[in-house]
Amino acid sequence: MWEIAIVVVLLCLGYGFGSYREKKHYQSIYAREAELKNILVFDTARSPAPESETGGQLVLGNVVISSDYFKTFVAGLRMLVGGRLTSYESLLDRGRREAVLRMKAEARELGADSIFNVKFETSSISKGGNDTLGSIEVLVYGTALGNFQAA
Amino acid sequence: MLISNMEVIPQKRIIKHLGLVQGSTVRAKHVGKDILAGFKNILGGELTAYTELMSEAREEATQRMIAQAESAGANAVLNVRFATSSVAQGAAELFVYGTAVVLDGASV
């Protein structure tokens with residue numbers, strides 16, 4: 001009986017805090033994406049106009065983001081029948097976009113206007129119980145170009 | 001020391017290749033922080049302590065790579081890649097590698 005009560009409390013906590021934080025995070029992501037939209041990000045290895053660009057310094061952004069109890073529970077149920085794990089999709093999406101924003105913010109501080117050769121890397125930092133997703137790290141890095149001199 | 005993950009830097013010429021340089025560090029998680037992270041697994045959200053831990057560790061690996069490049073006489077490391085692997089439960093290796101080169105140009 002107690003076990004069920006604890007699970008219900010954890011689910012409510014996870015759902016309450018988790019969805020509130022996710023909403024807040026998305027609002028902040030949208031605002032910062034609009035603010036940083038003039039820094040262009042490319043995953044091509046070479047600049048199309050190398051004669052007009054200077055700079056060339058590595059910039060990176062990383063974030064460790066964690067699942068909540070509700071998301072893990074819903075994903076656990078979904079894994080019985082297979083299909084899309086929508087609760088994890090939004091988690092990974094937030095992590096990637098946050099990391100890109102941090103990288104762009106670093107580039108803006110240097111005075112860059114574009115980032116080239118962008119690479120993403122995702123790794124699992126810790127596993128939750130029963131080998132579920134606990135927390136993940138997203139790293140994104142690239143080379144900032146623009147009208148500045150690299151250190 | 002210029003660090004970049006591009007193969008060619010606009011307006012700079014590579015005058016000498018010095019080969020692969022690398023740096024790595026293995027870091028374990030702090031027990032106290034791990035317990036806090038356990039709570040975060042219930043509530044969700046960013047684990048700021050881990051974000052900082054990972055970026056500090058990556059910075060250290062990069063410094064080791066730079067030291068190696070400097071001793072080889074390079075003034076830039078190009079085509080830099082990062083790799084993360086978990087070597088044991090609760091410990092991760094952060095590895096960074098690139099090609100040490102000499103670039104011409106006074107600003108480097």
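## Burial and overall form of chain A

A residue is buried if 20 or more other C-beta atoms lie within 10 Å of its own, exposed if 12 or fewer, and partly exposed in between, with C-beta atoms placed from the backbone. Buried residues make up 36% of the 151 residues in chain A. This is a predicted model: local features need pLDDT of at least 70, side-chain atom pairs count only at pLDDT 80 or more, and totals for chains, interfaces and linings use all residues. Residues are numbered from 1 along each chain as its sequence is written, while chains are lettered from A and ligands numbered from 1 in the order in which they are written.

Chain A holds 3 helices and 4 strands. Helices (H or I, at least four residues) and strands (E, at least two) are DSSP runs, numbered from the N terminus. Along the sequence the pattern is α-β-β-α-α-β-β. The radius of gyration of chain A is 19 Å, well over the 15 Å that the globule rule gives for 151 residues, so chain A is more spread out than a compact globule. That radius is taken over C-alpha atoms, and the globule rule is 2.2 Å times the number of residues to the power 0.38. Along the principal axes, the C-alpha atoms of chain A fill a box of roughly 70 × 25 × 25 Å.

## Helices of chain A

Helix H3 (residues 86–110) of chain A has 25 residues. From first C-alpha to last, H3(A) reaches 37 Å, close to the 36 Å expected at 1.5 Å a residue. The expected span is 1.5 Å times one less than the number of residues. Buried residues of H3(A) include A:Leu91, A:Arg94, A:Glu98 and A:Met103. Their cover includes H1, S2 and S4 of chain A. Just after H3(A), A:Gly111 takes a positive phi of about 90°.

A:Gln27 lies in helix H1 of chain A. A:Gln27 counts as exposed because it has 10 C-beta neighbours inside 10 Å. Its C-alpha atom is separated by 32 Å from that of A:Phe148, 121 residues apart along the chain.

## Strand S2 of chain A

In S2(A), 14 of the 15 residues are buried, so this strand is largely enclosed by the rest of the structure. S2(A) pairs with S4(A) in the antiparallel sense over 12 bridges. Two strands pair if DSSP finds at least two bridges between them. A:Thr54 stands opposite A:Gly146 in S4(A).

A:Ser66 stands opposite B:Gly45 in S3(B).

## The contact between the chains

The contact takes 42 residues from chain A and 27 residues from chain B. Two residues are in contact if their C-beta atoms, placed from the backbone, lie within 7 Å. On the side of chain A that touches chain B, the largest share, 11 residues, comes from S2(A). That side divides into 16 nonpolar, 18 polar and 8 charged residues. Ala, Val, Leu, Ile, Met, Phe, Trp, Tyr, Cys and Pro count as nonpolar, Asp, Glu, Lys and Arg as charged, and the others, Gly among them, as polar.

## The sheet of chain B

Chain B has an open sheet of 4 strands in the order S1-S4-S5-S2, with mixed pairing. Strand S1 (2–3) and strand S2 (14–28) of chain B stand at the edges, each with a single partner strand, so one side of each is left without a neighbour in the sheet. Strands S4 (residues 76–88) and S5 (residues 91–103) of chain B run antiparallel, joined by 10 bridges. B:Val77 stands opposite B:Ala100 in S5(B).
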